[in-house]
Amino acid sequence: GFIAHAYGFLHNNLSHDVLNAFTALPGEEGWKIELGRFFVPIYRMFFRGPLSLPWLIGIIGMFWLSLSVYLTVRLLKVENKILIILIAGLMVTNITLTSQIATYLYEFDFNALALLASIGAVTFWRTRNRWKQFLLAPLCLLLSLSIYQAYITVTVTLMIWLSLMDLLDQKKIRSVLIEGVIGIFF
């Protein structure tokens with residue numbers, strides 16, 4: 001990820017919307033809250049402050065993204081090293097991420113956290129601990145939605161994918177359906 005996106009992380013030429021959001025002014029923070037992204041100002045306060053520093057955004061964002069890759073590989077039970085490398089490569093170089101780093105770099109790190117939270121919701125949904133299922137999975141989903149709402153599609157897609165994998169593994173239809181309803185509930 002660092003090699004693929006080094007240009008975006010290591011240059012000082014600001015472009016596109018980052019010119020309007022070089023610093024997180026009160027208007028920028030208020031606009032995020034109006035969009036339902038109420039966790040973004042809190043995130044900025046704890047992780048990187050109000051400035052858009054490409055190198056810092058890159059380090060933090062790639063950290064969140066690498067945890068997302070880890071959870072995805074674990075959820076899908078992938079053990080083949082070549083497949084793990086392919087999954088990691090696809091997750092860090094896909095067109096959505098590449099476009100975001102090129103145009104909305106100042107949002108990359110917190111959007112990467114939103115992706116991690118979406119995958120985390122599915123991870124807690126898959127646990128057999130009902131406490132984690134009913135408390136931590138919805139909290140992860142709330143965190144994701146309070147940063148960037150579009151990643152709910154990742155949660156839904158992973159839940160469907162894992163349910164299909166369960167059916168292919170001859171798991172009882174009733175138990176897959178019950179787990180699906182629990183996922184829909186949160």
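**Helix packing and an aromatic cluster**

Phenylalanine 47 is partly exposed, with a relative accessible area of 40%. The model it belongs to is predicted. In helix H3, phenylalanine 47 sits 4 residues from tyrosine 43, and the rings of these two residues form a stacked pair. Elsewhere in the model, helix H4 packs against helix H5 and also against helix H7.

**Aromatic pairs**

- The count of aromatic pairs comes to 9.
- One of them joins tyrosine 43 and phenylalanine 47: the ring centres are 4.7 Å apart and the planes stand at 25°, so the pair is stacked, because planes under 30 degrees apart count as such.
- Helix H3 covers residues 39-47, and the spacing of 4 residues puts about one helical turn between tyrosine 43 and phenylalanine 47.
- Tyrosine 43 is buried, with a relative accessible area of 0%, whereas phenylalanine 47 is partly exposed at 40%.
- Tyr43 and Phe47 belong to a cluster linked by ring pairs, together with Phe63, Trp64 and Phe110.

**Isoleucine 42 in H3**

- Helix H3 also contains isoleucine 42.
- Isoleucine 42 is partly exposed, and its relative accessible area is 34%.
- Glutamate 29 lies 13 residues from isoleucine 42 along the chain, and their C-alpha atoms are 9.7 Å apart.

**H4 against H5**

- H4 spans residues 54-75 and H5 spans residues 81-93; their axes are 10 Å apart and meet at an angle of about 140°.
- H4 is therefore oblique to H5, since the roughly antiparallel class takes angles over 145 degrees.
- The crossing of these two helices, H4 and H5, is right-handed.
- On the H4 side, the contact is made by Leu65, Ser68, Val69, Thr72 and Val73; on the H5 side, by Ile84, Ile87, Ala88, Met91 and Val92.
- By residue class, the contact of H4 with H5 holds 8 nonpolar and 2 polar residues, with no charged ones.

**H4 against H7**

- H7 runs over residues 108-126 and packs on H4 at an angle of about 20°, with the two axes 8 Å apart.
- H4 and H7 are therefore roughly parallel, because angles under 35 degrees fall in that class.
- The crossing of H4 and H7 is left-handed.
- The contact of H4 with H7 comprises 15 nonpolar, 6 polar and 3 charged residues.

Notes:
Residues numbered from 1 in each chain as written. Predicted model: local features only at pLDDT ≥ 70, side-chain atom pairs only at ≥ 80, totals over all residues. Heavy atoms only, no water. Axes fitted to C-alpha atoms, helices over the stretch in contact; angles between N-to-C directions. Parallel < 35°, antiparallel > 145°, perpendicular 65-115°, else oblique. Left-handed = near helix turned anticlockwise from the far one by under 90°. Contact = heavy atoms within 4.5 Å. Nonpolar A, V, L, I, M, F, W, Y, C, P; charged D, E, K, R; others polar. Phe/Tyr/Trp six-rings, centres within 6.5 Å; stacked < 30°, edge-to-face > 60°. Buried < 20%, exposed > 50% of the residue type's maximum accessible area, 1.4 Å probe, protein only.
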